[in-house]
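This report is written for a reader meeting the structure for the first time. Please look at the sequence and the model before reading on.

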Amino acid sequence: MTSTVYLILIIIAALALIFGAILGFASIKLKVEADPIVEKIDALLPQSQCGQCGYPGCKPYAEAIANGDEITKCIPGGQTVIINIAELMGVEPPSSDINGDPIPMVAFINEEMCIGCTKCIQACPVDAIIGTNKAMHTIIPDLCTGCELCVPPCPTDCISMIKVEKNIDNWNWKFDPKLVIPIINTTTTQKKIIKGE
């Protein structure tokens with residue numbers, strides 16, 4: 001009886017090894033390479049997953065652009081994203097209705113008017129709204145991408161979009177690498193200049 005059990009276990013282990021080897025070989029041999037242009041386009045998009053372009057997220061829109069769709073559909077990205085995608089694709093940036101970069105906005109819920117219907121929670125693609133049924137809701141500003149998808153479903157119009165003011169957390173701290181900073185050593189008469197890049 002025990003020898004039969006051991007024989008069955010050995011057979012199962014051998015089959016597992018054989019099938020594992022076949023699957024490992026197949027995963028290497030039949031690997032589907034992702035289109036690198038899709039990854040580059042997706043990296044340029046704002047990742048707000050808002051759906052304003054007509055696609056369910058940024059990655060599907062990047063795939064559509066790689067397959068020939070218009071590059072002017074990303075509203076949160078603004079003109080900057082359109083120009084960057086055009087440069088990546090090697091085409092002339094088309095004219096669009098989007099003028100400049102969009103103003104950073106975040107949703108705000110007037111909690112006195114909120115009836116707790118949860119329609120805004122269902123509409124939010126990034127789960128930036130917290131609350132429960134028949135209780136007031138609120139926005140987590142750090143998660144909100146400003147896509148405005150929560151505004152239309154609200155039956156009491158208690159959601160408004162407010163401008164994100166500049167502060168220490170969202171200030172543009174980009175350093176210009178071509179900046180030239182003259183440095184003078186006051187202990188010697190020799191000048192020293194440090195250049196960027």
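## The largest cavity

The largest cavity has a volume of about 80 Å³, where a volume is the space filled by probe spheres set on grid points joined across faces, edges and corners. A cavity here is a set of points, on a 1 Å grid over the protein atoms alone, where a 1.4 Å probe fits but cannot get out, and lining residues have an atom within 4 Å of a point. Across the whole structure, the search finds three cavities of 30 Å³ or more.

Lining the largest cavity are 14 residues, and Cys50, Cys53, Cys58, Tyr61 and Cys74 lie nearest its centre. By class, this lining has nine nonpolar, four polar and one charged residues, with Ala, Val, Leu, Ile, Met, Phe, Trp, Tyr, Cys and Pro counted as nonpolar, Asp, Glu, Lys and Arg as charged, and the others, Gly among them, as polar.

## Basis of the model

This is a predicted model, in which local features need pLDDT of at least 70 and side-chain atom pairs count only at pLDDT 80 or more, whereas totals for chains, interfaces and linings use all residues. Residues are numbered from 1 along each chain as its sequence is written, and side-chain values use heavy atoms, with hydrogens and water left out.

## The annotated cysteines

An unreviewed UniProt entry gives the annotation "binding site" to Cys50, Cys53, Cys58 and Cys74. They are spread over 25 residues of sequence, yet they cluster in space, with a largest C-alpha distance of 9.4 Å. The lining of the largest cavity includes Cys50, Cys53, Cys58 and Cys74. Such annotations may be inferred rather than shown by experiment.

Cysteine 53 is placed in the loop between helix H2 (36-44) and helix H3 (58-66), helices being DSSP runs of H or I with at least four residues and strands runs of E with at least two, numbered from the N terminus. Cysteine 53 counts as buried because its relative accessibility is 14%, buried meaning under 20% relative accessible area, exposed over 50% and partly exposed in between, with a 1.4 Å probe and protein chains only. Cysteine 74, in the loop between H3 and helix H4 (78-89), is also buried, at 7% relative accessibility.

## Two residues with positive phi

Most residues other than glycine have a negative phi. Threonine 118, which is not a glycine, has a positive phi of about 70°; this residue lies in the loop between strand E1 (105-109) and helix H5 (119-123) and is buried at 17% relative accessibility. Aspartate 157 has a positive phi near 50°, and its relative accessible area of 60% makes it exposed.

Note on methods: On a 1 Å grid over the protein atoms alone, a cavity is a set of points where a 1.4 Å probe fits but cannot get out, and a pocket is an open set with protein on both sides within 12 Å along at least five of seven lines; lining residues have an atom within 4 Å of a point.
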